[in-house]
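Please look over the structure below before reading the points. They are meant for someone who has not seen this chain before.

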Amino acid sequence: MKISFYNVPISFKNYLIMSFIALLVYLSILIVRVSSPISDYLIIIIYLMVTSSVFISLFYAVKNSKKYGKHTQKAWKTLAIGFLFFAISDSLWYLLGIKSEYAYLISFTYLIAYILLTAGVFLFPGFPFTKEKRFKTFLDMGTVILSAGLTFLVFLFIPAIENNHLSIQLSLLYMGTLILDFALFFALVKLLFSHHNPKTIEPIMILTIGLIVLIITDSLYISNDLKGIYTKNGLLSIGWTISYVLIGLAAFSQATNHQTKFKLFSKSKLISWRLSWIRYPQFLWVIFAYTLLIWSYNFPSNPYTLIISIGVGITIALIFIRQLFVLNENEKLYESAKKEIIRRKKAEKEIKMSLEEKEVLLKEVHHRVKNNLQIILSLLSLQSLHNKDVEYDELLKDSQSRIKSMALIHEKLYHSKNMAMINFADYIPEIVNELLKSYNLNPQVKTNFNIEDIYLDIDTAVPCGLIINELTSNSLKHAFEEGMHGKIMITLHKKENKYELTIKDDGKGIPDDIDPDSSDTLGLKVVNALIHQIDGDIKLNRNNGTEFVIKFKIHDSIHKNY
């Protein structure tokens, strides 16, 4: 995305290049230090170009940040107004000079600019705006400001006033500027390590760097001015220009939704985790202030001991209030966590009781289904006793074996710990042995099983059990002539994403005119219907007897659990 400067569309890359060139030209003029009107005009022109570009970028940042929420838009709007006050202050300072009769007005506009910049940073989303957390944030900021102000007052401003370098009023304004510098720095650190929106982290990072450069430059300027060594248009001026350029780049990045490929921005959360201690600078300042107090007491003639003692006392009081607040907050969190644990334990107990009830009901269902199937088997057995038709008796026997295969599944599930799955390594030998007893072929037909521990749910187990029953029954009835010895081999293995079931006998073989896919016999029709039900396919091999190879897909629920 591009934005227009005087109707000329400019990309983020071009804006960065132009800013770099402007900084190089400005630095060259400062290094050469040619005292001529041309140099002064060039400095003014570059300053106006940088300032106007920052204003245009901030305008577009305010305009285009609405989609990120009202807090983001208000933040950029407040920053834009704060930068306006900076520009006004810079212009007055450049034209009138800080030592003029307008010094108080210039310093006051700088203070307003810093207040607005700090407020703008606080408005960015990422700050906790709850009442409790806001109170803690302001306590922390108060601790930092008080500690920093105490240090600057003792080591910079009081000596400067005593040496007549500055008036008391101007010194207080300077101290206010430095205190606001630290308040702004505190706000930046809080924002940087609490902001987690990847779409806006780049402008936040650039803005943070720009404002930190501004804070460092202001601190150096005040320190040099208090010592009486500051020179106008010196190398220190490049610091302000760099900070303005970075603020403009941040606004431009926000306005164009630019996403850099730098790992520094993309891994901001990792940086936040590693530097989490930076979230608590107030404790470092307390240690420093307390060290300052110890230092003052080691010099009895030190006239600032009383001021330092009062300042440190207030700082410790603020920390004490904060800790009381944290303890109260922790107590609330503890009570809340305790209630949540009790609630979860109660819910867990209710769920456990419900599961136990459902497990009992499910066991009862399987038990009743098995009993009902046993009743049907008994009825068929009674019917076969009164039947003298051999063909009809065979039909009854086939029906009984099918019902037994289903009843056995429900019996296995009833006795199983897992009410949803059945282990076919246990099921297949049992159902085949029942068939051998049914057809009285135990001595002459041997069985061989090679079966993995494969668990199937009831929707797959019932069709598979019926398929095994049908094909094994066919082998027992048709593969071996009277008095003929043989073997039936059944294997079940998992291959890639499918199960492979093989039922093979070494009997006389299936006739060539029988096609398992289009056979008219009831048994093969049932087999085909069941294979279609489990989304499988069947293959017939006629070498050395008869071999059926059935492949079917692994059900998702089975694959996830076993």
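1. Basis. This is a predicted model, in which local features need pLDDT of at least 70 and side-chain atom pairs count only at pLDDT 80 or more, while totals for chains, interfaces and linings use all residues. Residues are numbered from 1 along each chain as its sequence is written, and side-chain values use heavy atoms, with hydrogens and water left out.

2. Whole chain. The protein chain has 17 helices and nine strands (DSSP runs numbered from the N terminus, helices being H or I with at least four residues and strands E with at least two). Of its 562 residues, 46% are buried (buried is under 20% relative accessible area, exposed over 50%, partly exposed in between, with a 1.4 Å probe and protein chains only). Among contacts between residues at least 6 apart in sequence, 74% join residues at least 24 apart (a contact means heavy atoms within 4.5 Å).

3. Helices α7 and α8. Helix α7 (residues 201-227) packs with helix α8 (residues 237-256) at an angle of about 165 degrees, and their axes are 8 Å apart. Axes are lines fitted to C-alpha atoms, for helices over the stretch in contact, and angles run from 0 to 180 degrees between N-to-C directions. This angle makes α7 roughly antiparallel to α8 (under 35 degrees counts as roughly parallel, over 145 as roughly antiparallel, 65 to 115 as roughly perpendicular and the rest as oblique). The crossing of α7 and α8 is left-handed, a term for a near helix turned anticlockwise from the far one by less than a right angle, with clockwise being right-handed.

4. Residues of that contact. The α7 side includes I206, L214 and Y221, and the α8 side includes W240, Y244 and Q254. By class, the contact of α7 with α8 has 15 nonpolar, six polar and two charged residues (Ala, Val, Leu, Ile, Met, Phe, Trp, Tyr, Cys and Pro count as nonpolar, Asp, Glu, Lys and Arg as charged, and the others, Gly among them, as polar).

5. Helices α3 and α8. Helix α3 (residues 70-96) packs with α8 at about 155 degrees, with the axes 12 Å apart. The two are therefore roughly antiparallel, and α3 passes α8 in a left-handed crossing. T72, W76, F83, F86, D90 and W93 of α3 meet W240, Y244, A250, A251 and Q254 of α8. Eight nonpolar, two polar and one charged residues make up this contact.

6. Buried residues in helices. N64 lies in helix α2 (residues 37-64) and is buried at 18% relative accessible area. A polar atom of the N64 side chain is 2.7 Å from the backbone oxygen of A255. T118 belongs to helix α4 (residues 103-123) and is buried at 7%. The side chain of T118 has a polar atom 2.8 Å from the backbone oxygen of Y114. Leaving aside residues up to four places away in sequence, T118 touches L180, A183, L184 and A187.

7. Positive phi. Which loop holds E496? E496 sits between β6 (486-495) and β7 (498-505); its phi is positive, about 55 degrees, although it is not a glycine. E496 is exposed, at 76%. D535, in the loop between α16 (522-533) and β8 (536-541), has a positive phi near 60 degrees and is partly exposed, at 47%. Most residues other than glycine have a negative phi.

Note on methods
Polar contact = N/O pair within 3.5 Å; in protein donor to acceptor, adjacent residues only side chain to side chain.
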